[in-house]
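Please look over the structure shown below before reading on. The briefing that follows takes up side-chain pairs, helix packing and backbone angles in turn.

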Amino acid sequence: MSRSIRPSVGCAGMSNDPPLQLKPRLTISIEQAQAIVDRVPLHSRVHDVIELRGGEISTILEIVLADAPNCILKVYPTQLQWKMAKEVHVLGLLRDVAIPVPHILLADDTHSTIDLSFVLMSKLDGVMLGQREPELGDQELFAIYAEMGAALRRINDVTLDSFGYIGPNGVWTPHPSNRAYMSAQFERKLTEFCTRGGDPALATRLRASIIARNHLLDAAQTPRLCHYDFHAGNVLVNAEGSPELSGIVDFENGTAGDPLMDIAKALYYFTPNDAPKRDGLLAGHGTRDRLDWEATIALYRLACTLELWCWFAQIGKTDVLPRLTMELESSTN
């Protein structure tokens, strides 16, 4: 989910902006894929190009090589092509961290081979955890989510110079504190909420609720790298046997912020039936060591809901807005 598109200001009426176009529809020929592969020292022949599932923003393709490990080609939509440089930057921050992440083989924004920006990355072993979850028992779910929590903690151990959303070359708009950053984010999203047709009276109640709790934001004093899209679709595990973490992907939402914001986003889609996953993630990450962690996560959950409301309104997926509006209403109680 993008949090960098600057909305129009104001708090009346629906925005006239056209919906954001995502996941570019394109066909990469064998010849184009070969031209890309030939620019890196793989010395291999392209056998096939397969579009993979997953990725809400970008198109993900697997380049099947005849005599070398396969590669992943990630192609960014026209309006969000800056995310290419951002993902390269964030993966660079993780170069010396002991977690399995893709290695960038080539990043190209010249449009010389295809008319969009792309990265060519190493393909990590394994399958998406989401594909295996239905077959796993509670103990296995707890164990893999505890391993994920520990890996997320290692990501969060990377520190940055300031709080803020990460752009192509670092933090885009630096903030001196987490409270300053999140207060600016809340205000920006409340404005966008109104601009895109949300209820101004609800926005006023949300603002008051946020202000009453913003002291919770002061506990995070050091800006830390957050994945901010950490879920079973972005985690790879072995295909058989007890699941073990084999890869973490999709860092295009990276933020310099509070690790509890990362946890809140990871927990966002859990249901009451997901207690083993929740308990494992919290245990592996060490979340419960933080004072007022539950209240802080609740505040960040409000931020997630508000962001999602604005995002779905931006891309024209209005059918989910009533449900998100109800959740926003409940967060003011």
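Is histidine 111 buried, partly exposed or exposed? With a relative accessible area of 31%, histidine 111 is partly exposed, where buried means under 20% relative accessible area, exposed means over 50%, and partly exposed lies in between (1.4 Å probe, protein chains only). This is a predicted model, in which local features need pLDDT of at least 70 and side-chain atom pairs count only at pLDDT 80 or more, while totals for chains, interfaces and linings use all residues. Residues are numbered from 1 along each chain as its sequence is written, and side-chain values use heavy atoms, with hydrogens and water left out.

**Salt bridges**

- Side chains of opposite charge can pair when their charged atoms come close.
- The whole structure holds 16 salt bridges, each being a side-chain nitrogen of Lys or Arg within 4 Å of a carboxyl oxygen of Asp or Glu.
- Glutamate 252 is buried because its relative accessible area is 3%, and lysine 74 counts as buried because its value is 5%.
- Lys74, Glu87, Asp250 and Glu252 are linked in a network of salt bridges.
- Glutamate 192 and arginine 196 form another salt bridge, with the closest N and O atoms 2.8 Å apart, and both of these residues are buried.

**Aromatic rings and charges**

- There are 6 aromatic pairs, counted when rings of Phe, Tyr and Trp (its six-membered ring) have centres within 6.5 Å, with planes under 30 degrees apart called stacked, over 60 edge-to-face and the rest tilted.
- The rings of tryptophan 82 and tryptophan 172 have centres 4.8 Å apart and planes at 70°, so this pair is edge-to-face.
- Tryptophan 82 lies in the loop between S3 and helix H2 (83-93), and tryptophan 172 in the loop between strand S8 (170-171) and helix H5 (178-195), 90 residues apart.
- Trp82, Tyr165 and Trp172 form one aromatic cluster.
- The charged end of lysine 265 sits over the ring of tyrosine 228, 4.1 Å from its centre, a description that requires NZ of Lys or CZ of Arg within 6 Å of the ring centre and within 35 degrees of the ring normal.

**Backbone angles**

- Most residues other than glycine have a negative phi.
- Histidine 111, although not a glycine, has a positive phi of about 60°, and this residue is found in the loop between strand S4 (104-108) and strand S5 (118-122).
- Aspartate 250 likewise has a positive phi, near 65°, and counts as buried because its relative accessibility is 14%.

Terms used:
Helix = DSSP H or I, 4+ residues; strand = E, 2+ residues; numbered from the N terminus.
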